[in-house]
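The entries below follow the order in which I looked.

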Amino acid sequence: MIMTLRTILNYPDPRLRTLAKPVTVFDDSLKTLIDDMFQTMYAAKGIGLAATQIDEHIQLIVMDLSEDGSQPRVFINPKVTPLVDELFGYEEGCLSVPEYYDKVARPKRVKIEAVDAAGQAFVEEAEGLLAVCIQHEIDHLNGKIFVDYLSKLKQDRARDKVRKVIKQREKDAEHKSMKPICQKRIKEHS
Ligand code: ZN
């Protein structure tokens with residue numbers, strides 16, 4: 001199987017605000033996209049990824065809440081309905097807001113209705129991390145990011161953090177790509 005690592009959009013990229021369309025065709029290109037999304041999510045050490053985050057604007061989420069990457073889950077055209085009024089505060093992070101974490105309060109227990117990768121509809125009740133994660137990812141499909149729930153000050157802080165992280169990553173990549181040239185030069189001189 002050939003899989004491709006996809007580029008994850010970073011906050012505040014305006015493409016993250018795009019509204020995702022429902023999936024209507026369950027074909028091989030959807031399967032490939034799902035494989036790519038898992039590959040991309042695992043490589044970035046994430047637990048959830050919405051198609052929106054890789055600039056594919058369909059209602060598709062991949063998730064794996066296990067420690068060892070053994071429980072891949074797919075949610076297509078997902079809907080959540082809160083089952084309780086009680087909120088649960090959890091320190092959230094996001095692959096599109098790298099290295100920034102903050103607490104968001106969301107309904108503690110929800111009903112999830114979705115379709116799996118084979119096109120089969122399913123319903124389940126969720127709480128804890130699954131409830132947090134599915135609500136966070138569905139927000140992405142609606143163009144919403146977890147920092148939207150935070151104060152303006154914290155949003156600015158998140159933006160600065162992302163800018164710094166991207167700069168550092170570019171520096172690291174540059175460093176990596178320069179190495180072979182340096183080594184070659186050393187060889188030529190010796
Ligand atoms: Zn996210």
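Before anything else I wrote down the accessibility terms: buried means under 20% relative accessible area, exposed means over 50%, and partly exposed is in between, with a 1.4 Å probe and protein chains only. I am working on a predicted model, where local features need pLDDT of at least 70, side-chain atom pairs count only at pLDDT 80 or more, and totals for chains, interfaces and linings use all residues. Residues are numbered from 1 along each chain as its sequence is written, and side-chain values use heavy atoms, with hydrogens and water left out.

**Entry: Val84**

I looked up Val84 and found it partly exposed, at 31% relative accessibility. Val84 sits in the loop between strand S3 (73-82) and S4; helices (H or I, at least four residues) and strands (E, at least two) are DSSP runs, numbered from the N terminus. Leaving out residues up to four places away in sequence, Val84 touches Pro107, Lys108 and Arg109, where contact means heavy atoms within 4.5 Å. I also checked Val84 against Gln135: they are 51 residues apart along the chain, and their C-alpha atoms are separated by 14 Å.

**Entry: the zinc ion**

Which residues coordinate the zinc ion? I found Cys94 (SG), His136 (NE2) and His140 (NE2), at 2.0 to 2.2 Å. Donors are N, O and S atoms within 2.8 Å of the metal (3.2 Å for Na, K and Ca), and water is not among the atoms, so sites may look incomplete. Along the chain the donors have the spacing C-x41-H-x3-H. Cys94 is in strand S4 (residues 87-94) and His136 in helix H2 (residues 128-141), so this pair ties together parts that are 42 residues apart in sequence.

I checked both for burial. Cys94 is buried at 11% relative accessible area, and His136 is buried at 6%. The side chain of His136 also makes a polar contact with the side chain of His140 (3.3 Å). A polar contact is a pair of N or O atoms within 3.5 Å; within protein, one must be able to donate a hydrogen and the other to accept it, and residues adjacent in sequence count only if both atoms are side-chain atoms. Not counting residues up to four places away in sequence, His136 touches Glu92, Gly93, Cys94, Arg106 and Phe146.

**Entry: Asp102**

Asp102 is in strand S5. Buried or exposed? Asp102 is buried, with a relative accessible area of 12%. Its side chain makes a polar contact with the side chain of Tyr100 (3.0 Å). Apart from neighbours within four places in sequence, Asp102 is in contact with residues including Tyr90, Phe146 and Lys154.

Lys45 has a positive phi, near 60°. Lys45 lies in the loop between H1 and strand S1 (48-50) and counts as exposed, at 74% relative accessibility. Asn77 is not a glycine either, yet has a positive phi of about 45°; Asn77 lies in strand S3. A cis peptide bond joins Tyr11 and Pro12, with omega about 5°. Pro12 is in the segment before H1.
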